[in-house]
Amino acid sequence: MLWDVMGKTFRLLGYTIQYGCIAHCAFEYLGGIVVCSGPSMEPTIQNSDIVFSEHLSCHFYSIQKGDIVVAKNPTDPKSNICKRVIGLEGDKVCTSSPSDFVKIHSYVPKGHVWLEGDNLRNSADSRCYGPVPYGLIKGRICFKLWPLTDFGFLRASPNSHRICKD
């Protein structure tokens, strides 16, 4: 009787560990659900919108200009940011704010990306903290899950003029 209970307990523990490892790998390498907060990506993503972030793009280095990504905040590694990719390594980007009279340009260094929020007047982004190392990118946002009225793929950037096409 005791052996029977111990056997069932160890089997349950084994299944729990197996399925826990599968779930961990799925969320770490395939994707996950993200709740966005803050006004920096308005009107594309509103405060408290729920989106799906896939992680394969950043593992295979296939992030492109115009993609919306989730990354570790360069100034606070405990928090994440959600921003649009404006420039990849080697690209020339405008580093000044839209309201600045004199426009300043620089190049994105190797291994970095330039990130900006869609709400340029209310976004702390690469214009504040500079280029972001590619290694801080956690995933690319594919589509919006909530609210259901906005369910689907995300719309193009309202600031598409800031994304230089090669």
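Let me start with the loop between β1 (31-35) and β2 (50-54), where proline 43 sits. One caution before the details: this is a predicted model.

The peptide bond from glutamate 42 to proline 43 is cis, and omega there is near 5°. Most peptide bonds are trans, and most residues other than glycine have a negative phi. The loop between β1 and β2 also holds serine 48. Serine 48 is not a glycine, yet its phi is positive, about 75°.

Proline 147 is in the loop between β9 (137-146) and β10 (152-153).

Next, the annotation. An unreviewed UniProt entry lists residues 20-96 and 105-146 under "domain: Peptidase S26". For residues 105-146 the figures are 10% helix and 48% strand, with 37 Å between the end C-alpha atoms.

Now serine 123, in the loop between β7 (112-116) and α3 (126-129). Is serine 123 buried or exposed? Its relative accessible area is 12%, and buried means under 20%, so serine 123 counts as buried. Its side chain makes a polar contact of 3.2 Å with the side chain of lysine 83. Setting aside neighbours within four places in sequence, serine 123 is in contact with Ser40, Lys83, Gly117 and Cys128.

How many residues make up the largest nonpolar core? There are 11 residues in it, including Cys58, Ile63, Val85, Leu115 and Tyr134. β3 (68-73), β4 (76-87) and β7 are the elements that give two or more residues to this core. Another core, of 8 residues, lies apart from it, and Val51, Ile68, Cys82 and Ile141 are among its members.

Valine 113 belongs to the largest core. What does valine 113 touch, not counting residues up to four places away in sequence? The list is Gly87, Leu88, Val108, Ser126, Pro131, Val132, Tyr134 and Ile137. Of these, Val132, Tyr134 and Ile137 are also in the largest core.

That is what I have; questions, please.

How values were computed:
Residues numbered from 1 in each chain as written. Predicted model: local features only at pLDDT ≥ 70, side-chain atom pairs only at ≥ 80, totals over all residues. Heavy atoms only, no water. UniProt positions renumbered as here; feature names shortened; annotations may be inferred. Helix = DSSP H or I, 4+ residues; strand = E, 2+ residues; numbered from the N terminus. Buried < 20%, exposed > 50% of the residue type's maximum accessible area, 1.4 Å probe, protein only. Polar contact = N/O pair within 3.5 Å; in protein donor to acceptor, adjacent residues only side chain to side chain. Contact = heavy atoms within 4.5 Å. Core = buried A, V, L, I, M, F, W, Y, C linked by side-chain atoms within 4.5 Å.
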